[in-house]
Amino acid sequence: MTRANGGPAPDGRAARQGTTALVLSGGGVTGIAWEIGVLHGLRAAGGALAVALDAPALVVGTSAGSVVGTIVAAAADRSEWWDLEDAWAAQHEPASSEVARAVDLEGLLTRMADPAMSGDPVGARRAVGAYARELDPATAPGRGRSVSARLPVHDWPAVPLRITAVDAHSGEVVVLDAASGVALDDAVTASCAVPGVWPVVPIGGREFMDGGIASLAHVPLAAGHDRIVVLAPMVTPSAGGLRGVADELAEVRTTGADVVLIGPDEDYLTGPGAAALDPAGRAEAADLGDRFGRAIAAAHP
């Protein structure tokens, strides 16, 4: 894995001890709402976990998680959580900047996790990249503006924020951060570029697609911190070019980290999570997330 500027990605060994890293997974537009709801519920209920997340040492965001990660990092920057409150309220308002897209999500996940490519995950991602590049950008006018409208800030926060994407030609995973030279809005748009749904995003002579093509969470990017909290509105097993969350959690647990996985629950999966790219499910997803967050807070007093 490399940074977008070609240097080695951090492996976490130099991370400060006694810190909490927050990992926000992919899961579509309803996944954004659910993650915001979980964080809203955690903060409302209080407790040790909520306090730890008020000052994360690192935020890792993939796809939907890149949007929520930006909100969290920006709020933590100022120690003021009105960004999260605004984001929570926005999930209950008409989605004026969101565009509903029809997608065979199960078919896409099957393509990403093709068992025939299990011995060549990079090759599997290259194959998905070829599919992603077939989509004409003209089919999604204003996509960048739509993503930007989700963000409370448009400059990289001071709180370390790592956003993942995949090179649609090489299949290589890249880590975009404040040192990468890539604009924050472009990084988030790239991380959210679901193949076959949204066009690949050109940045610096390369073309990028959704970071969730390689892993929905990229949990190992948070290795080295004492506690790693993972919000995952969607969980898949490892197969083909896609690495599953369970395998990533097992990897970071070998470092001695206290790992907390939040979600998904059955109410979300069979409800708004079943149509992850439909903006109409945002309010319900946010409410389910809020309820779940409060329950999690009670389990971590």
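**A predicted model: strand pairing, salt bridges and backbone geometry**

Strand β8 (residues 227–231) and strand β9 (residues 258–262) pair in the parallel sense, with 5 bridges between them. Two strands count as paired if DSSP finds at least two bridges between them. Helices (H or I, at least four residues) and strands (E, at least two) are DSSP runs, numbered from the N terminus. Within the pair, L231 stands opposite I262 of β9. From β8 the chain crosses through helix α9 (residues 245–253) to β9, and this β-α-β crossover is right-handed. A crossover is called right-handed if, with the strands pointing away from the viewer, the path from the first strand over the helix to the second runs clockwise.

The model is predicted, so local features need pLDDT of at least 70 and side-chain atom pairs count only at pLDDT 80 or more, while totals for chains, interfaces and linings use all residues. Residues are numbered from 1 along each chain as its sequence is written, and side-chain values use heavy atoms, with hydrogens and water left out.

In α9, the residues V245, E248, L249 and V252 are buried. These four residues lie on the same side of α9, because they cover an arc of only 100° around the axis; the arc is that of the directions from the helix axis to the C-beta atoms. Buried means under 20% relative accessible area, exposed over 50%, and partly exposed in between (1.4 Å probe, protein chains only). The buried residues of α9 pack against β8 and β9, where contact means heavy atoms within 4.5 Å.

The structure holds 7 salt bridges. A salt bridge is a side-chain nitrogen of Lys or Arg within 4 Å of a carboxyl oxygen of Asp or Glu. R227 lies in strand β8 and D258 in strand β9, so the pair ties together parts that are 31 residues apart in sequence. R227 is partly exposed, with a relative accessible area of 24%. D258 is likewise partly exposed, at 39% relative accessibility.

The side chains of D54 and R43 meet at 2.9 Å, N to O. This pair links distant parts of the chain, with D54 in helix α2 (residues 48–54) and R43 in helix α1 (residues 28–45), 11 residues apart. D54 has a relative accessible area of 27% and is partly exposed; R43, at 31%, also counts as partly exposed.

A further salt bridge lies within one helix. D290 and R294 form this pair, the closest N and O atoms being 2.8 Å apart. The two residues are separated by about one helical turn, because they are 4 residues apart in helix α11 (residues 282–299). D290 counts as buried at 11% relative accessibility, whereas R294 is partly exposed at 36%.

The peptide bond from G263 to P264 is cis, with omega near -5°, and P264 is placed in the loop between β9 and α10. S63 has a positive phi of about 55° although it is not a glycine. This residue is found in the loop between β3 (58–62) and α3 (64–78) and is buried, with a relative accessible area of 8%. H218 also has a positive phi of about 55° without being a glycine. H218 lies in the loop between β7 (206–210) and β8, and counts as buried at 4% relative accessibility. L277 is located in the loop between α10 (266–270) and α11. At 14% relative accessibility, L277 counts as buried. The C-alpha atoms of L277 and V197 are separated by 9.4 Å, the two residues being 80 residues apart along the chain.

The protein chain averages a pLDDT of 88, and 86% of the residues score at least 70. Over residues 5–17 the pLDDT is below 50, and this stretch has 22 contacts in the model beyond near neighbours in sequence. pLDDT is the predictor's confidence in each residue, from 0 to 100. Where pLDDT is low, the predicted coordinates should not be read in detail.
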